[in-house]
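Please look over the model below.

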Amino acid sequence: MSVSGLTGSPSRCCLRIPVCSSGSVRRVSAFTSPGKPKDQIKIAYLERWYWAGSAQGCKKQRTYSIKCAMDASYGDMSDGSTAIFPRINVRDPYKRLGISREASEEEIQAARNFLVQKYAGHKPSIDAIESAHDKIIMQKFYERRNPKIDIKKKVREVRQSRVMQAVMSRFQTPSTKIIIKTSVAFLVIGVLTVLFPTEEGPTLQVAISLIATMYFIHERLKSKIRAFLYGAGAFIFSWLLGTFLMVAVIPPIPIIKGLRSFEVTTSLITYVLLWVSSTYLK
């Protein structure tokens with residue numbers, strides 16, 4: 001049997017070496033003796049002789065061939081240097097393929113093709129690579145069929161929007177003394193609203209909250225016009241938003257009872273928004 005220039009038999013492996021002077025062929029054994037183990041690996045080389053000219057004479061060139069092992073029983077060859085996938089036992093399919101969880105389908109497919117081509121000679125490695133690839137593809141398919149809302153991503157997008165940036169630029173954090181003062185004032189107004197509701201509604205408490213808002217804004221900004229405009233605008237916006245929330249979003253609160261429970265709850269929401277305006281608006 002001849003394999004790539006080798007002449008093999010169950011007992012020995014020989015190389016045919018041509019000689020330039022006589023054109024004859026001599027054989028060199030690839031194994032030292034037939035008594036050695038059959039899986040012994042030798043580096044075989046070919047000695048090629050060629051005629052380079054009358055002046056230079058006959059030169060010898062050696063070309064090293066690949067390592068091979070001849071099976072003494074059947075005479076076939078086997079490769080003992082097959083690469084094994086190093087992450088074959090990694091449970092996470094993304095880590096097994098060496099990609100991130102945000103990788104696109106093209107990147108996933110490219111990683112799979114690269115690893116399959118690199119470790120094509122080792123079946124367990126191929127099975128591990130294909131299994132990880134299939135798990136990732138099925139997970140991507142499930143996520144497309146059942147999308148979930150990424151709250152952190154949505155909040156980040158809202159905060160980075162131009163509208164939110166413009167709104168946030170109108171607020172600043174004051175000193176701790178101002179925060180405590182405004183918090184105590186609006187807390188007292190809220191407690192009075194809950195404990196002493198009237199048949200006409202918390203009209204007096206709401207008026208007091210408007211005056212308190214203008215006072216605190218003037219104390220911080222030192223401008224009567226801005227205090228009046230900011231206070232009136234904050235009051236109108238807070239009352240409309242509180243009414244909308246009570247009608248469309250927030251259900252009735254069982255703790256607050258009475259004929260004017262709707263007005264009382266709306267007033268409490270308004271107090272919170274007025275506290276934010278009087279404390280952080282600039």
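**Basis.** This is a predicted model, in which local features need pLDDT of at least 70, side-chain atom pairs count only at pLDDT 80 or more, and totals for chains, interfaces and linings use all residues. Residues are numbered from 1 along each chain as its sequence is written, and side-chain values use heavy atoms, with hydrogens and water left out.

**Whole chain.** The protein has 9 helices and 6 strands. Both are DSSP runs numbered from the N terminus: helices are H or I with at least four residues, strands are E with at least two. Of the 282 residues, 28% are buried. Buried means under 20% relative accessible area, exposed means over 50%, and partly exposed lies in between (1.4 Å probe, protein chains only). The protein exposes about 19,600 Å², with 62% of it supplied by carbon and sulfur atoms. Those areas come from the Shrake-Rupley method with a 1.4 Å probe; for residues, only the protein chains shown count as cover. Take the contacts (heavy atoms within 4.5 Å). Among those with a separation of 6 or more, 55% join residues 24 or more positions apart.

**Cores.** A nonpolar core is a set of buried Ala, Val, Leu, Ile, Met, Phe, Trp, Tyr and Cys residues joined through side-chain atoms within 4.5 Å. The largest has 14 residues, and Leu 97, Ile 99, Leu 115, Ile 129 and Ile 136 have the most contacts inside it. α1 (93-97), α2 and α3 each give two or more residues to this core. Ile 129 touches Phe 85, Leu 97, Arg 112, Leu 115, Val 116 and Tyr 119, leaving aside residues up to four places away in sequence. A second, separate core has 9 residues, including Val 206, Ala 212, Phe 216 and Phe 235.

**Two loop residues.** Is His 122 buried or exposed? His 122 counts as buried because its relative accessibility is 19%. It sits in the loop between α2 (105-118) and α3 (123-145). Beyond residues up to four places away in sequence, His 122 touches Thr 82, Ala 83 and Ile 84. Gly 98 lies in the loop between α1 and α2. At 56% relative accessibility, Gly 98 counts as exposed. Its C-alpha atom is separated by 9.8 Å from that of Leu 115, 17 residues apart along the chain.

In α6, Thr 182, Phe 186, Ile 189, Gly 190 and Thr 193 are buried. They cover an arc of only 100 degrees around the axis, so they are on the same side of α6. The arc is that of the directions from the helix axis to the C-beta atoms. On the other side of α6, Thr 176, Lys 177, Ile 180, Leu 187 and Leu 195 are exposed. In α9, the buried residues include Val 264, Ile 269, Tyr 271 and Leu 274. Their cover includes α6, α7 and α8 (224-249).

**Record.** An unreviewed UniProt entry annotates "transmembrane region" at residues 178-196, 202-218, 227-250 and 262-281. Over residues 202-218 the chain is 94% helix and 0% strand. Residues 227-250 are 96% helix and 0% strand, with end C-alpha atoms 31 Å apart. UniProt positions follow the numbering used here, feature names are shortened, and annotations may be inferred rather than shown by experiment.
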